[in-house]
Amino acid sequence: MPDNQVATQDLKHHFADLEHQKATSTFGMWIFLITEIMFFGGAFAAYLVYRLYYFNAWVAGSQTMEIKLGAINTVVLICSSLTMVLSVHFAKLGKRKLTAICLLLTLLLGCTFLGVKAVEYHGHWMHHEVPGPNFHFEHEGNYDPHQVMIFFSLYFAMTGLHALHMIIGAGLLIWLLIFNARGRFTPEYNTPVEMVGLYWHFVDLVWIYLFPLLYLISHSHNG
Amino acid sequence: METISHTSQAKPNYLNADYGLKSWLLTTDHKRIGILYLISISVFFVLGGFFAMLIRLELLTPAGDLVLADTYNKLFTMHGVVMIFLFLLPAIPSVFGNFLVPMMVGAKDLAFPKLNLASWYIFMIGAGFIMYSVITGGLDTGWTFYTPYSTTYSNSNVVAAALGVFITGFSSIFTGLNIIVTVHRMRAPGLTWRRLPLFIWAHYATSVIMVLGTPVLAVTIVLVALERLFHFGIFDARYGGDPLLFQHLFWFYSHPAVYIMILPAMGVISECIACFSRKRVFGYDFVAMSSIAIAVLGFLVWAHHMYVAGISTYAALIFSLLTFFVAIPSAVKVFNWTATLYKGSITFETPMLYVFAFIGLFTIGGLTGVFLAAVGIDLHVTDTYFVVAHFHYVMVGGTVTAFLAALHFWWPKMTGKMYPENFSKASALLVFIGFNLTFFPQFLLGYLGMPRRYHAYPAEFQVLNVLSTAGASILAVGFLMPMIYLAWSLQYGKDAGDNPWHAAGLEWKTSSPPPTFNFDETPTVTWEAYNYDEIDAPGGPTHNKGVEVAG
């Protein structure tokens, strides 16, 4: 198929040209990411308020976190960002096979992250650290266990919402893989890969904030 | 006129481009999606009005004799939830914003047509959840979902309603996102920012609030739902949780949400007042920038809903001061509209009647807002009918009035038909009289100390309550009339022609109803907004407008 024919097929009727279309999509994606910042921002605000209220409980809760697993997951996500940006790069060059490999690697790393997260959740479950009637927390320190429950509430809410975003991202990657296999992406038209890339990096970035706030920042304090 | 109407009938437009339910439900045409929204929100408006009528009927007598106290709690809650989330928030941006923004900027469609259709489906799904909560016994938390009542004590179906509000929030985010990107990226050649209609500036400011505020409400509702389902303890004082944190997060969205409701209304007023005064809006730059100022300041005032909730006095004073600041850009608008009238050739078509109603009612609603922003007065009237009257003057006297102005002003563009002017003037009058009779007594009631949200009250308040209920029935007639005569006009209305008002603005430069892609060719803009002096100049298109209308 000649290039200009591909271009007309990909160009939506209300845009002047493909460049206009791509710039518009990118702009829209950035606006969407701003809404995501505000979405997580509400939860981060709650975290900040309660950390100031109940510092000792925060330290006690934070010290039960598996730093090793968290660190592994951080590395996994950073690697997935690399493979994601590579797949955008290869899609722009029109290298279908390499794009597919990188997308697949990103997907695998994303699933690895979710798997490790599930192991962590299971650990919390076994230690009765899931908020609710069966919540039970006894470690040394000067705090009210109820306050630690709030820490865990926010921990599960924030990492849970993050994991939900990862799952949605995984779905988007599968969609890209199918479209890539059908040869829909060309050097002229690869906007979806770039859009999913922006989303994926954003979700990684959320974790980059969650990891220190939930695992690291209170670790060396004595409760 | 006859020949014009025949040619516009024959011309393909967005209404006759395709037929059948499927062509509507799968459309990506912003105009058709606007119509889908118009139909949906009209249904919810009637439903919310039905709850309001039951409330007013209960309050006709001092004793709680029509409904039980519990039922009454559900009635005012469902009135609030339906009116705010399913009518006021989407009313102007999703109907007229959808329909008009692409045409006003000279584009073929919004930037993301599929996202636009998705936003309607998301809205309907969210509305479905809210309706589910309504039919499975109703909701009794008040529209504000205050914790810990909503998370722990309420026996009504909170989670379904909260989920519904969460979901409709995304339709609002997508509409806002679409409008922002469209205004930035889809403007016609020559249409610089300072040539944009003020309707666009108002919608741009609205969209910024939608995009920044709504996600915070979303995450707040997630936390409420988690708390209610799993007893997380985040907002539960028994576990050290802070119910006030909920109020902060909730009002961080819900106060700016008030501006989501009023800013687009202000955009409508700017368009109508310029057209029916035949003048450029006085102080265009100030009116445009005041929209942005309202959007920014609107995010800094939320805690004025919480003066008596236990925030510190110093915080209350600062929020009080910041709230006074918001009055400035609002006043800039009112003064500039009034100045626009000066030496204008004013005519009194129905949209203009609503404009006059808006300016008066919004001024009362806005100024009583300044009273409430003052901590001392607020302590006296908190949770009284004074507050109820205040926000109804803004929401009904402001937003609904502007919605009706918009509906009449752009009805000829949307349908190609004129509405019957005599009926519409009569209904505008009924709305104005009925509205004031309903809500002005509530200012007095509130100041005398009648609390809101009770189904019974002391006998000395009855006279004012009877006035209010009587006004509500007049208001109901005023609202029902347009539904009837507008539907009638679809079949029997006179053909409108492309520009019955001789209005400026790109949307009037295409045919009525517009073709699917809005313009036969993309327009190039070489004129300033509201160039009525050029339009009406000798030799201009509408010189001797009066003669033409008579002919």
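Leaving aside residues within four places of it in sequence, L109(A) is in contact with V76(A), C79(A), S80(A) and T83(A). In this predicted model, L109(A) lies in helix α5 of chain A, which spans residues 96-126. The residue counts as buried because 21 C-beta neighbours lie inside 10 Å of L109(A), whereas 20 or more are required for that class. A further relation across the chain is given by V75(A), which stands 34 residues from L109(A) in sequence, with 9.8 Å between the two C-alpha atoms.

Chain A as a whole contains seven helices and zero strands, and its elements, read from the N terminus, follow the order α-α-α-α-α-α-α. Taken along the principal axes, the box filled by the C-alpha atoms of chain A is roughly 70 × 30 × 30 Å. Of the 223 residues of chain A, 35% count as buried. When contacts in chain A between residues at least 6 apart in sequence are considered, 78% of them join residues at least 24 apart.

Two of these helices may be described as a pair. Helix α6 of chain A (residues 145-181) and helix α7 of chain A (residues 191-216) pack at an angle of about 160°, and their axes are 10 Å apart. Because of this angle, α6(A) is roughly antiparallel to α7(A), the cut-off for that description being an angle over 145 degrees. The crossing in which α6(A) passes α7(A) is left-handed. On the side of α6(A), the residues that meet α7(A) include Y155(A), M158(A), H162(A), H165(A), G169(A), L172(A) and F179(A). On the side of α7(A), the residues taking part include P192(A), V196(A), Y199(A), W200(A), W207(A) and L214(A). Sorted by class, the contact of α6(A) with α7(A) comprises 17 nonpolar and four polar residues, with no charged residues.

The two chains also meet each other, with 31 residues of chain B in contact with 30 residues of chain A. On the side of chain B that touches chain A, at least two residues each are supplied by α7 (158-185), α8 (198-230) and α9 (243-277) of chain B. The largest share of this side comes from α8(B), which provides 10 residues. By class, the residues of the side of chain B that touches chain A are 21 nonpolar, six polar and four charged.

Nonpolar residues may also be followed through the largest nonpolar core, which has 228 residues, and among these L154(A), I269(B) and A405(B) touch the most other members. Leaving aside its neighbours within four places in sequence, L154(A) is in contact with A43(A), A46(A), Y47(A) and Y50(A), and also with I234(B) of chain B. In soluble globular proteins, nonpolar side chains tend to be buried together.

Most residues other than glycine have a negative phi, and most peptide bonds are trans. In chain B, however, the peptide bond from T147(B) to P148(B) is cis, with omega near 0°, and P148(B) is found in the loop between α5 (113-135) and α6 (149-153) of that chain. A cis peptide bond also joins S512(B) and P513(B), with omega about -15°, and the place of P513(B) is in the loop between α16 (462-492) and α17 (532-536) of chain B.

The loop between α16 and α17 of chain B also holds Y530(B), which has a positive phi of about 55° although it is not a glycine. Y530(B) counts as buried because 26 C-beta neighbours lie inside 10 Å. A positive phi, of about 60°, is likewise found at D383(B), which is not a glycine, and D383(B) is placed in the loop between α13 (375-381) and α14 (385-415) of chain B. D383(B) is exposed, since 12 other C-beta atoms lie within 10 Å.

G80(B) is located in helix α4 of chain B (residues 69-104) and is partly exposed, with 18 other C-beta atoms within 10 Å. Not counting residues up to four places away in sequence, G80(B) touches G142(B) and W143(B). The C-alpha atoms of G80(B) and T144(B) are separated by 8.8 Å, although the two residues are 64 residues apart along the chain.

Definitions and conventions
Residues are numbered from 1 along each chain as its sequence is written. Chains are lettered from A and ligands numbered from 1 in the order in which they are written. This is a predicted model: local features need pLDDT of at least 70, side-chain atom pairs count only at pLDDT 80 or more; totals for chains, interfaces and linings use all residues. Helices (H or I, at least four residues) and strands (E, at least two) are DSSP runs, numbered from the N terminus. Two residues are in contact if their C-beta atoms, placed from the backbone, lie within 7 Å. Ala, Val, Leu, Ile, Met, Phe, Trp, Tyr, Cys and Pro count as nonpolar, Asp, Glu, Lys and Arg as charged, and the others, Gly among them, as polar. Axes are lines fitted to C-alpha atoms, for helices over the stretch in contact, and angles run from 0 to 180 degrees between N-to-C directions. Angles under 35 degrees count as roughly parallel, over 145 as roughly antiparallel, 65 to 115 as roughly perpendicular and the rest as oblique. A crossing is left-handed if the near helix is turned anticlockwise from the far one by less than a right angle, and right-handed if clockwise. A nonpolar core is a set of buried Ala, Val, Leu, Ile, Met, Phe, Trp, Tyr and Cys residues joined through C-beta atoms within 7 Å.
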